[in-house]
Amino acid sequence: MITEQHISETHKREIKSPIRIASLSDLNINKEIFIGYFQPLFENLEDDLYLVRENQIAFLKATFPEDIKEIEEIHQAYFHGKVDEKILTQWTFKLTMSQMDFFKQKGIVTRQRSVAAFIVEKEANNYHIERVLDGGFSQNVDDFRSWQRVFKQADKEMVEHDLFYELLQKVYELVAIIHTEIKKLKFSVHFMRTLTQGTIQGENSPEGVHEDGAQYIISALVINRKNITGGETQIFEKIGDTKELLFKKELNLGEFAFQADTGEEKIFGNDLWHYVTPIQPKNKAELGVRDIIGLDIEILR
């Protein structure tokens with residue numbers, strides 16, 4: 001397990017905000033059984049059309065900077081699917097043939113996902129795990145992710161299972177090592193598949209270097225990598241107006257990145273951000289896939 005202490009030694013300065021780069025095996029979870037169970041279940045995720053629409057809007061803003069104000073007026077309605085692609089016609093009809101090709105590429109689905117949320121409480125060494133159904137999902141950030149999005153709820157076989165409950169308990173214990181007084185956590189769980197094929201790369205972090213708006217995160221527990229290059233996890237520290245790269249690694253199956261995320265600079269002194277590089281197919285004639293489980297973690301008590 002790589003921690004902030006190891007990263008401090010590399011950079012020859014103290015990093016206090018918690019970081020754990022580890023494997024399921026470090027949590028005493030059988031990696032082969034866990035990966036073998038979850039890999040097939042990622043076939044049941046739903047297309048993330050929010051990302052498609054956001055990419056289309058971003059392309060039009062970049063292409064027609066003089067119209068940014070007008071595009072922004074319809075941005076949120078289009079993002080939420082309240083109006084269809086016809087509303088973009090006043091800009092798309094002005095695109096050149098090559099620009100239209102790029103715009104059509106932005107309409108290709110490169111991410112699928114489902115979600116779930118759990119309250120995990122520990123009393124007298126006993127865990128109580130309750131699934132809660134959130135009406136929608138938003139993040140405490142300053143970009144499009146702050147808008148509420150409604151994703152498919154994860155299938156029962158994916159999350160109401162002893163293997164998944166074991167993961168929640170082990171991650172609870174990771175947080176409890178840092179905050180020994182905790183009694184209750186909320187986990188927002190994201191099952192995500194990123195897709196790439198031909199010249200279309202899969203964006204794991206379309207928002208760039210970012211925070212997720214939670215106290216702690218597992219940015220990725222990697223379940224599958226098939227026919228891809230890229231997908232490198234990177235952790236940064238924001239210092240003033242700059243972001244310094246602290247750590248990078250292409251996570252293998254069963255490996256994960258846990259870190260403090262938002263507000264930790266007030267507690268530990270380091271403002272951690274993160275990013276994952278895009279993926280490309282090794283064989284451009286075949287589909288490339290990266291499947292991950294992400295966790296947003298909030299201390300409730």
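This dialogue reads several features of a predicted model.

Me: Which strands pair with E6?

Reply: Strand E4 (residues 111-123) runs antiparallel to E6 and is joined to it by 11 bridges. Strand E14 (residues 288-299) is also antiparallel to E6, over 12 bridges. Met-192 shows both pairings: Arg-113 stands opposite Met-192, and in E14 the bridge partner of Met-192 is Ile-292.

Me: Which residues of helix H2 are buried, and where do they lie around the axis?

Reply: H2 covers residues 31-38, and Phe-34, Ile-35 and Phe-38 are buried there. They lie on the same side of H2 because their arc around the axis is only 90°. Their cover includes helices H7 (156-159) and H8 (162-178), together with E6, strand E7 (216-226) and E14.

Me: What caps the N-terminal end of H2?

Reply: Asn-30 does, with a side-chain oxygen 3.1 Å from the backbone nitrogen of Glu-32.

Me: Why is Gln-234 called buried, and what does its side chain contact?

Reply: Gln-234 is in strand E9 (residues 233-239). Its relative accessible area is 12%, so it falls under the 20% cut-off. The side chain of Gln-234 makes a polar contact with the side chain of Glu-232 at 2.8 Å. Leaving out residues up to four places away in sequence, Gln-234 touches several residues, among them Leu-245, Phe-247, Trp-273 and Tyr-275.

How values were computed: Residues numbered from 1 in each chain as written. Predicted model: local features only at pLDDT ≥ 70, side-chain atom pairs only at ≥ 80, totals over all residues. Heavy atoms only, no water. Pairing = 2+ DSSP bridges. Helix = DSSP H or I, 4+ residues; strand = E, 2+ residues; numbered from the N terminus. Buried < 20%, exposed > 50% of the residue type's maximum accessible area, 1.4 Å probe, protein only. Polar contact = N/O pair within 3.5 Å; in protein donor to acceptor, adjacent residues only side chain to side chain. Contact = heavy atoms within 4.5 Å. Arc of directions from axis to C-beta.
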